[in-house]
Amino acid sequence: MLSIDFAPMEGITGFAFRNAHHRYYGGISRYYTPFLNVQEGARFGRADERDISYENNKALLEDQACTLVPQLLAGRSEALTAGIRRLCELDYQEINWNLGCPSPTVTRKGRGAGLLAEPEKIDRILSETYEALEKENLKFNLSVKMRTGMDSAEHFPELVSILNRYPLSEIILHPRFAAQGYQGTADEEAFAAALSQSTHTLTWNGDITSVADAEKIHEKFPQVERIMIGRGLLVNPALAEKIRNREGRTASREAGGLSVEGMQPADGGTSVQKFPSEAARFRAFHDEILRGYQSYIPDEKGVLARMKELWGWWEKSPVYAGGGAVQENSTRLLKKIRKAKSLGEYRVLAEQALQ
């Protein structure tokens with residue numbers, strides 16, 4: 001049965017969002033933090049420390065069916081080493097290195113997917129990092145999230161060969177090169193080549209926005225036991241739960257076992273609460289995120305900016321599209337939400353949109 005990870009999304013999937021999703025939806029085995037930057041003095045900034053603190057992730061970290069994986073953004077071995085060291089101090093044992101971020105503000109600095117154009121540098125960073133931390137006897141698992149290249153997949157076979165030299169726990173592969181962004185389709189042939197050449201466990205990432213998409217990947221690559229979803233879960237927070245429940249129903253039919261009714265989401269997340277409708281569950285999810293943002297963002301404008309960003313995804317949500325707001329009113333309401341000047345005004349509009 002597939003395990004499903006929630007991909008990191010900068011500025012969106014911080015602890016307020018993760019906690020709400022973990023509470024109201026199921027199906028996730030691992031949540032990944034947005035990338036963490038190592039600052040001067042080999043420490044994380046205040047916002048990053050807050051996002052990975054035990055107190056702000058307690059419910060998730062104490063769920064034995066689910067966990068949190070911090071992701072590091074580093075273009076030098078000193079930064080990667082310092083980041084891993086700090087995360088080990090905070091009792092994180094599974095750590096991810098970001099080699100996939102396609103943002104020009106990141107790649108221009110030789111970080112994220114920008115490193116993929118320099119395979120020898122990746123080799124050097126990993127060599128120096130493992131050598132330094134082995135001397136300290138630190139216990140950790142390091143995985144890599146990557147694309148097939150920066151401007152092309154020219155160096156991809158060499159990159160796979162280099163990564164084979166190190167005891168990585170996993171490679172999460174989004175089979176596009178960075179310059180593509182999210183355009184076109186994911187390169188299944190490149191993923192298949194990586195499967196045949198890599199000595200590491202591979203996780204599929206990219207273009208999963210429906211149950212059918214997940215089934216297609218599972219059928220195409222039956223040896224892949226884990227998928228990562230980002231944008232699809234932002235639009236439809238119940239997607240992982242639906243994928244898991246579909247798999248559970250299929251297994252039950254094949255085994256002649258349990259009926260569909262009453263099944264709980266498997267492999268991650270708390271027992272999902274009962275709600276009179278999906279719209280009611282989505283409202284509770286929304287309200288929890290809003291409270292989470294208010295707990296640490298001191299000004300209304302900051303909270304509003306975060307919530308408005310989420311609506312950029314939620315306007316496509318099947319829950320919202322099929323909810324109480326009739327279609328002809330949806331566009332009008334969304335425009336008003338984007339223009340809301342205060343939290344009071346926003347709450348009234350959101351309530352109308354989610355009724």
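Is Phe-285 buried or exposed? Select this residue to begin: at 0% relative accessibility, Phe-285 counts as buried. The model on display is a predicted one.

Select helix H1, residues 15–24. Eight of its ten residues are buried, and the helix is mostly covered. The buried residues are Phe-15, Ala-16, Phe-17, Arg-18, Ala-20, His-21, His-22 and Tyr-24. Phe-17 has 2% relative accessibility and therefore counts as buried, the limit being under 20%.

Across the whole structure, a search finds 16 aromatic pairs. One of them joins Phe-17 and Phe-285 edge-to-face, at 5.6 Å centre to centre and with 75° between the planes. Because Phe-17 lies in helix H1 and Phe-285 in helix H12 (residues 278–294), the pair ties together parts that are 268 residues apart in sequence.

Next, select Phe-6, Tyr-25, Tyr-31, Phe-282, Trp-311 and Trp-314 together with Phe-17 and Phe-285; these residues form one aromatic cluster.

Move to Phe-191 and Phe-221, both of which are buried. Their rings form a tilted aromatic pair, 4.9 Å centre to centre with 55° between the planes. Phe-191 belongs to helix H8 (residues 188–197), while Phe-221 is in the loop between helix H9 (211–220) and strand E11 (226–229); the pair links distant parts of the chain, 30 residues apart.

Then display Arg-147 and Tyr-182. Arg-147 lies over the face of Tyr-182, at 5.0 Å from the ring centre.

Select strand E7, residues 94–99. Six of its six residues are buried, so the strand is largely enclosed by the rest of the structure. Glu-94, Asn-96 and Asn-98 point one way, and Ile-95, Trp-97 and Leu-99 point the other way.

Strand E6 (residues 71–73) runs parallel to E7 and is joined to E7 by two bridges; Gln-71 has Asn-96 as its bridge partner. Strand E8 (residues 141–149) also pairs with E7 in the parallel sense, over six bridges, and here Asn-96 stands opposite Ser-143.

**Last stop: the nonpolar cores**

Centre the view on Trp-97. Together with Met-146, Trp-97 has the most contacts inside the largest nonpolar core, which has 100 residues. Beyond its neighbours within four places in sequence, Trp-97 is in contact with residues including Leu-72, Leu-115, Ile-122 and Val-144. A second, separate core has five residues, among them Ala-7, Val-69, Ile-172 and Met-228.

How values were computed:
Residues numbered from 1 in each chain as written. Predicted model: local features only at pLDDT ≥ 70, side-chain atom pairs only at ≥ 80, totals over all residues. Heavy atoms only, no water. Buried < 20%, exposed > 50% of the residue type's maximum accessible area, 1.4 Å probe, protein only. Helix = DSSP H or I, 4+ residues; strand = E, 2+ residues; numbered from the N terminus. Phe/Tyr/Trp six-rings, centres within 6.5 Å; stacked < 30°, edge-to-face > 60°. Lys NZ or Arg CZ within 6 Å of the ring centre and 35° of its normal. Core = buried A, V, L, I, M, F, W, Y, C linked by side-chain atoms within 4.5 Å. Contact = heavy atoms within 4.5 Å. Pairing = 2+ DSSP bridges.
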